[in-house]
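The sequence and structure are shown first.

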Amino acid sequence: MIGSLLGRGTGVSFGERMRGWFAFGEYECGAGAVRGRRERTRLDLRASVEFADVTDLLRKPDSAGALFGVVAFDATACVQRGSGKVQLFVPASDPHYALMIYEVAVQYNGGDHYLAGKKLIRRRRPLAVWTDT
């Protein structure tokens, strides 16, 4: 497998963008998207994701990588730097799917905020996730 080809401790990094309807104060992703669409507010996260060890990433579905990026809220045209984590292969309730989970902490309008998002992807070969999203 890839981990044995690359060797233990070989990492991977990539750029990621997550954007969509968003609303402050919601604690469930779906509710935030619904309210954001109604209020016409969007979030745009542009991030660099780093996993220190590809072998661990492929063997442990809930392995977390580091996420560093910039978050823009178009309702206020405010851009904030943030850091957090991303998980690529978290098992979903349907075995044919996996979850990608993004979490990032930002400071906005004088306060600390924590953004969380998830994306449902069809489970195939582990590295096919990059072409599926």
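Where is Tyr-27 found? Tyr-27 sits in the loop between strand E1 (12-21) and helix H2 (29-39); helices (H or I, at least four residues) and strands (E, at least two) are DSSP runs, numbered from the N terminus. The model is predicted, so that local features need pLDDT of at least 70 and side-chain atom pairs pLDDT 80 or more, while totals for chains, interfaces and linings use all residues. Residues are numbered from 1 along each chain as its sequence is written, and side-chain values use heavy atoms, without hydrogens and water.

Because its relative accessibility is 84%, Tyr-27 counts as exposed (over 50% relative accessible area, 1.4 Å probe, protein chains only). Its C-alpha lies 9.1 Å from that of Leu-115, although 88 residues separate Tyr-27 and Leu-115 in sequence.

At the start of H2, a side-chain oxygen of Glu-28 comes within 3.0 Å of the backbone nitrogen of Gly-30. Arg-40, which follows H2, has a positive phi near 60 degrees.

| Property of the largest pocket | Value |
|---|---|
| Lining | 26 residues |
| Contribution of E6 | seven residues |

Phe-22, Cys-29, Gly-32, Ala-116 and Gly-117 lie nearest the pocket centre. Strand E6 (111-122) gives the most to the lining.

Note on methods
Buried < 20%, exposed > 50% of the residue type's maximum accessible area, 1.4 Å probe, protein only. Polar contact = N/O pair within 3.5 Å; in protein donor to acceptor, adjacent residues only side chain to side chain. 1 Å grid on protein atoms, 1.4 Å probe; cavity = no way out; pocket = protein on both sides within 12 Å on 5 of 7 lines; lining within 4 Å.
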